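Please consult the sequence and structure shown here alongside the text.

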Amino acid sequence: MAAAHRVVVLALDGVYPFELGIPGRIFGALQDRYEVLTCSVDGGPVATNADFSVTVPHGPEVIATADTLLLPPFDSSRLSRELPPGVAEALALVRPGTRIVSICTAAFVLAAAGLLDGRPATTHWAVADRLRDWHPAVALDPNVLFVDDGDVLTSAGAASGVDVCLHLVRRDHGSAVANQVARACVVPPWRDGGQAQYIEQPVPPPSAHGTSATRQWALENLHEPLTLRQLAGHARMSLRTFVRRFTEEVGTSPGRWVIQQRVHRAQHLLETTDLPVDDIAGRVGFASGTSLREHLHAAIGVSPVAYRRTFRGAAAAVSA
């Protein structure tokens, strides 16, 4: 039996207790597949941003054994252009090929270490301008819940730590396993949209219609063309009003959202059925198997054959 994937959590002074516990809760739900260890830069207790400290069982030496290194966020009052004391030495212990993940303000640590230079990344929208100012080499996108750039992943605030950890479970073991974990933790397996949903903005007037009913209708009719005019018509709005309201509520455009949902549905069918790619394409609303292949590759960087092989085995991949 393969050894469990080791997730090492590096807690820094000022850590948020909620986010510190996310890796243990999500990955800990799969104890046969993941092992979670928590450490500090010196092996000593860590001050949280609440009125208590936490004692961690490990020092930085366990970082050298990590398959994934995860940094939870810390209070924004502790943000600095430079690395906090001891962090450079701790990060120097990371083995080549280790997956590195930050939640919220921890992106500042990765940026200060030069790990985000020239790479796409995100952080909490409230401190995004500061990150952009201090580290202009980072390709910052403050409108998403998380960014997966292969071996480095960054996420936004608080609950987006749940999102990125579930995403890693999904990437490692498929959506069925990730959904199982989400049910056990009583959280949604996937959240639509991005941080734009949570940025402070004027509240629409009570008489304004929302787009949630249209989104639900679209999910039930993904096999249909679902043009922008159709979506706006279902919502009983003008095209301009619908696009504006949809983007305000979801954090992305209607067209991009529809493609995302079609890709998600295709992933589920690739994992759970033996349907040929062309049939799956038709069921999720892509014009052809070629179109599905292009969109799947753009979203996750692999072909349907490779995706199915990863999550269903080589035998099942033959039908793709």
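Of the 320 residues in the protein chain, 45% are buried (under 20% relative accessible area, with a 1.4 Å probe and protein chains only). The model is predicted: local features need pLDDT of at least 70, side-chain atom pairs count only at pLDDT 80 or more, and totals for chains, interfaces and linings use all residues. Residues are numbered from 1 along each chain as its sequence is written, and side-chain values use heavy atoms, with hydrogens and water left out.

**Overall build**

- The protein chain contains 14 helices and ten strands (DSSP runs numbered from the N terminus: H or I of at least four residues, and E of at least two).
- With a radius of gyration of 21 Å, close to the 20 Å given by the globule rule for 320 residues, the protein chain is therefore as compact as a globular protein of that length (C-alpha atoms; the rule is 2.2 Å times the number of residues to the power 0.38).
- The C-alpha trace spans about 60 × 55 × 35 Å along its principal axes.
- Of the contacts between residues at least 6 apart in sequence, 65% join residues at least 24 apart (contact means heavy atoms within 4.5 Å).

**Helix 7 and helix 10**

- The axes of helix 7 (residues 212-220) and helix 10 (residues 254-272) come within 11 Å and cross at roughly 40 degrees (lines fitted to C-alpha atoms over the stretch in contact; angles run from 0 to 180 degrees between N-to-C directions).
- R215, A218 and L219 of helix 7 make the contact with W257, Q261 and R265 of helix 10.

Methods:
Buried < 20%, exposed > 50% of the residue type's maximum accessible area, 1.4 Å probe, protein only.
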